[in-house]
Amino acid sequence: AGQVDAGRLEAHLAQSTRDYLASVEPGELLLHLELIDELTTGDAPATLRWAPAGGFERVWIAARDRSGLLSDLCGALSGAGWEIVGLSATARHDGIVLDRFAVVPPEGAPAPVEREAALREAVRRVLAAEVQPKDLISARLRRQPAPPAVATTGVRVRISNEVDPELTLVDVTAPDRVGLLHALTCALSATQLDIQLAKVATKGERAVAVFHVRGPDGQVSAADRDGLMRVLGRAARG
């Protein structure tokens, strides 16, 4: 009360999904309204906020949805050196996407103000198509010492049409590695699936990624399920 115009708030809530309404905190909702205002009144492809959060950093991004958007954002952050340890993404009914990343900055990262500027520039360059996310990730891997070998076993892919009558749930558990989320989201986009909701968490050396997706005809059909599982399995294994 008193922090935002009631009509503006109601308009935002009317465009939001049930998952968003069930999970967002009031302070984050106010931040989303700021990001959406900047996005709809400016000419930038995305608006961004950054904040330290005790051992990691949070990055909030608002952007207009398009094919491959989430994979581009994951690739921009990962390619710029940040480790993505958590992700929550949701799309409003009008096509505005609200993403929240939990990231660990690269070793030897500059001061906080400069880190935020670096994040903004990485996102801007990728969304402006000045650089491809896969090229950023490849460059990062060339700069860094060779990481320990990542196990390719233990990848699990689960697909279900029972959770939502209009969407398909895709649940992937895999060994974590640089560029994993970029690879998974690219695989979903390549199969013409639109990501409506994403929840990702890293637990030790393993990542758990849950996506709610919609295809051109709605849910993923039984005939396409096995093919999608193979594509995601290959993406998870690298």
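**Entry 1. Conventions**

I count helices (H or I, at least four residues) and strands (E, at least two) as DSSP runs, numbered from the N terminus. The model is predicted, and I kept to its limits: local features need pLDDT of at least 70, side-chain atom pairs count only at pLDDT 80 or more, and totals for chains, interfaces and linings use all residues. Residues are numbered from 1 along each chain as its sequence is written, and side-chain values use heavy atoms, with hydrogens and water left out.

**Entry 2. The chain as a whole**

I found eight helices and eight strands in the protein chain. Its radius of gyration is 18 Å, close to the 18 Å that the globule rule gives for 238 residues, so the chain is as compact as a globular protein of that length. For this I took the radius over C-alpha atoms, the rule being 2.2 Å times the number of residues to the power 0.38. The C-alpha trace spans about 55 × 45 × 30 Å along its principal axes.

I looked up burial next (buried is under 20% relative accessible area, exposed over 50%, partly exposed in between; 1.4 Å probe, protein chains only). Of the 238 residues, 46% are buried. The chain exposes about 12,100 Å², and carbon and sulfur atoms supply 53% of that area; the areas come from the Shrake-Rupley method with a 1.4 Å probe, and for residues only the protein chains shown count as cover.

For contacts I used heavy atoms within 4.5 Å. Among contacts between residues at least 6 apart in sequence, 65% join residues at least 24 apart.

**Entry 3. Helix 4**

How many residues of helix 4 are buried? Eleven of the eleven, residues 69–79, so helix 4 is largely enclosed by the rest of the structure. The buried residues include Asp 72, Cys 74 and Gly 79. Gly 81 follows helix 4 and has a positive phi, near 110 degrees.

Arg 66 is partly exposed, at 34% relative accessible area. Leaving out residues up to four places away in sequence, Arg 66 touches Asp 72 and Leu 127. I also noted that Arg 66 and Ala 129 are 63 residues apart in sequence and 13 Å apart in space, C-alpha to C-alpha.

**Entry 4. Cysteines**

I searched for disulfides, taken as pairs of cysteine sulfur atoms within 2.5 Å. The count is zero. Cys 74 is in no disulfide, as its nearest cysteine sulfur, that of Cys 186, lies 8.9 Å away. Cys 186 is likewise in no disulfide, with the sulfur of Cys 74 as its nearest at 8.9 Å. Cys 74 is buried, at 2% relative accessible area, whereas Cys 186 is partly exposed at 30%.

I listed what His 12 touches, residues up to four places away in sequence not counted: Tyr 20, Leu 29, Leu 33, Ile 36, Arg 92 and Leu 98.

Thr 17 is placed in the loop between helix 1 (6–15) and helix 2 (18–23). I have Thr 17 as buried too, at 17% relative accessible area. With residues up to four places away in sequence again left out, Thr 17 touches Thr 90, Ala 91 and His 93.
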